[in-house]
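Reader: I'd like to learn how to read aromatic contacts and cavities in a model like this one. Could you take me through them?

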Amino acid sequence: MQYRPPFFLSVGAVLVLLSLLGWFMLPSDEPMVPIDTSYRDTTKSLEERIDILLTQMTLREKIGQMALVEKNSVRDLDDVGEYGLGALLSGSGGKPENNTPEGWRSMTDAFHQAARTSRLQIPLLYGADANHGHSNVPGATIFPHHIGLGATHDSALVRQIGQATGREMLATGVNWNFAPSLDLPKDMRWGRVYEAFGDDPAAVAALGAAFVQGSQSRVLGDVFVLATPKHFLGAGSMVWGSSTNEHFSIDQGMTPPLETALRRAYLPPFREVVEQGALSIMAGLNAWGDTKVSASHYLLTEVLKEELGFQGFVVSDWYGVYEISENKYEALVTGINAGIDMVMLPFDYQSFVKDVERAVHTGAIAEARIDDAVRRILRAKFSAGLFEYDAEVAPSLEVVGSAEHHALARTAVAQSAVLLKNKGGVLPLTSNTRSILVAGSGADNAGRQMGAWTVEWQGIDGNWLSGTATVLDGIKASVDEHTIVEYDPQGTFGVGTHAEVGIVVVSEKPYAEGWGDSALPTFSPEDVAAIRVVKAKTDTLVVVILSGRPLIMNAEVASGDAIVAAWLPGSEGAGLADVLFGTKPFSGTLPLPWPATIEQVPLLLSGKTQDS
Ligand code: BGC
């Protein structure tokens with residue numbers, strides 16, 4: 001009888017083991033052929049360069065490009081090159097240990113270098129939400145949130161802000177911006193109203209396109225920051241109470257299934273940015289009827305890609321694809337087949353690679369779909385000049401928070417302020433006003449001025465960030481040396497105090513996304529009390545409102561002789577003082593209606609009829 005080795009020593013067992021190991025070891029399918037590097041040749045056409053690169057890519061390299069990973073989820077720096085990850089992001093608040101512009105630069109440099117160790121050296125997209133300046137980074141210029149820019153109705157200004165933001169981003173190695181938002185809010189109870197330019201499709205289209213142009217203007221040789229209009233499609237039209245997130249009421253909720261409303265109001269801004277060269281678009285976390293947008297082949301492929309002719313890539317929102325189904329594999333198959341090209345995982349890239357590879361092997365996802373997704377991602381990367389980017393020539397960190405950008409932000413603040421009431425023309429104030437009492441929760445609070453998406457996702461209440469001027473700072477700098485300015489947030493000034501003018505700056509606490517959903521957005525009892533006290537102690541009362549949305553009025557606020565909607569102006573409180581004291585005229589107008597009562601909410605979209 002012949003000797004038969006036990007199975008664990010046989011050739012078959014070794015082969016099984018090797019193939020199992022191969023499943024876990026990446027990359028295992030790299031071909032051993034010389035690389036044709038002519039995709040780096042800038043004299044070739046864009047599509048030719050893409051073809052040369054794409055035809056050399058293995059399936060795993062392609063799948064890697066489709067992954068967008070939160071930087072804290074990268075288990076080992078080498079994984080960036082080994083998995084050939086397409087993109088990383090800092091979720092808002094995803095900061096480096098050394099949270100300074102220098103710290104950001106060295107963090108992103110390490111990731112970019114890691115990407116260059118991959119076989120084909122495909123550059124990395126590094127994304128962040130720079131939606132009101134490069135606002136994750138302490139020291140960056142903080143511009144007004146979109147709602148304030150909407151009040152300026154000034155495309156040239158928004159273009160300049162997109163460009164300035166892009167410059168500050170590139171200096172820190174961040175080359176992808178998850179902005180602008182093209183959402184059209186109908187319901188003030190939503191926590192994301194301030195992220196939108198307003199509710200008028202034509203105005204949002206113009207300002208969104210200007211932001212894309214500014215961001216994608218070549219600020220550094222051939223390199224630009226890729227803009228990402230979002231959230232496709234219908235964000236802002238969700239029904240109160242329809243959120244699928246247990247903590248939220250309307251955010252991530254359901255957009256009514258009517259297609260005419262969607263097409264008439266929500267589609268035109270996306271049509272415009274596609275025409276203006278947008279190369280990445282983010283799918284929303286909302287559902288359209290009972291289908292999550294990320295799962296809608298109709299919206300993503302038939303409407304956005306085929307009908308609008310979008311040539312860039314669709315990126316899903318944070319964990320959005322996995323919300324399609326509890327079965328992660330099924331969710332990925334549905335999302336990618338629907339038209340998602342890059343998946344904001346944002347955590348587990350290892351199982352993503354395995355799942356997509358399995359789906360291709362079983363035919364659940366056609367390889368042609370993968371090729372189309374990667375072609376779109378490469379098109380954006382080539383167009384943004386990333387293959388030509390050389391870290392040595394990045395703009396100097398001096399542009400971060402530069403005097404020029406602060407001046408631009410100050411101009412934007414002045415232009416964004418809306419004069420809601422001015423009884424007897426009490427505004428502008430004169431700089432030689434004898435005495436001013438300043439009160440209210442927002443008067444000396446840079447955190448409330450800047451709102452959320454500033455260093456932390458939910459923002460930080462209070463004066464913790466250096467390099468900013470509060471409204472109080474601006475007032476003090478605008479008056480004569482003889483003017484007496486007294487400040488107390490609650491308005492508790494000494495008995496018998498009386499002043500010519502009272503300025504009460506009321507405010508909302510910072511909030512982001514569904515955490516800001518509120519059944520009754522209105523003024524805080526503390527601010528209302530401060531108005532009462534100051535009104536009794538002054539001849540003229542000015543109320544300044546710092547808020548991310550119209551707040552439901554009450555008798556106290558309405559009792560102001562002048563009322564100013566200042567939105568979330570950012571780091572330059574002096575810009576508000578400019579209009580209060582007449583250095584600049586008020587020119588802002590409401591970017592969306594200001595409801596008088598909560599019963600009027602949800603509102604009709606400007607110039608549109610309800611759901612038609
Ligand atoms: C938001 C997006 C944002 C993304 C990345 C999500 O929670 O919905 O607007 O771009 O996070 O920070």
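Author: Let's begin with charges and rings: a charge sits over a ring if NZ of Lys or CZ of Arg is within 6 Å of the ring centre and within 35 degrees of the ring normal. Keep in mind that this is a predicted model. Here the charged end of Arg358 lies over the ring of Tyr329, 3.8 Å from its centre. Lys328 is placed over the face of Tyr322, at 4.7 Å from the ring centre.

Reader: How many aromatic pairs does the whole structure have, and how is a pair described?

Author: In general, one gives the distance of the centres and the angle of the planes. The search finds 14 aromatic pairs here. Take Trp318 and Phe347: the ring centres are 5.7 Å apart and the planes stand at 90°, so this pair is edge-to-face. Trp318 belongs to the loop between strand S10 and helix H11, and Phe347 to the loop between strand S11 and helix H12, so the pair ties together parts 29 residues apart in sequence.

Reader: Are Phe382 and Phe387 buried or exposed, and how do their rings lie?

Author: Planes under 30 degrees apart count as stacked. The rings of Phe382 and Phe387 have centres 4.0 Å apart and planes at 10°, so they are stacked. Phe382 is buried at 4% relative accessibility, and Phe387 is buried at 8%.

Reader: What about the second largest cavity: how much space lies in it?

Author: About 100 Å³. Of the 13 residues lining this cavity, the closest to its centre are Arg192, Asp251, Gln252, Leu285 and Asn286. The lining comprises four nonpolar, four polar and five charged residues.

How values were computed:
Residues numbered from 1 in each chain as written. Predicted model: local features only at pLDDT ≥ 70, side-chain atom pairs only at ≥ 80, totals over all residues. Heavy atoms only, no water. 1 Å grid on protein atoms, 1.4 Å probe; cavity = no way out; pocket = protein on both sides within 12 Å on 5 of 7 lines; lining within 4 Å. Points joined across faces, edges and corners; volume = space filled by probe spheres on them. Nonpolar A, V, L, I, M, F, W, Y, C, P; charged D, E, K, R; others polar. Phe/Tyr/Trp six-rings, centres within 6.5 Å; stacked < 30°, edge-to-face > 60°. Helix = DSSP H or I, 4+ residues; strand = E, 2+ residues; numbered from the N terminus. Buried < 20%, exposed > 50% of the residue type's maximum accessible area, 1.4 Å probe, protein only.
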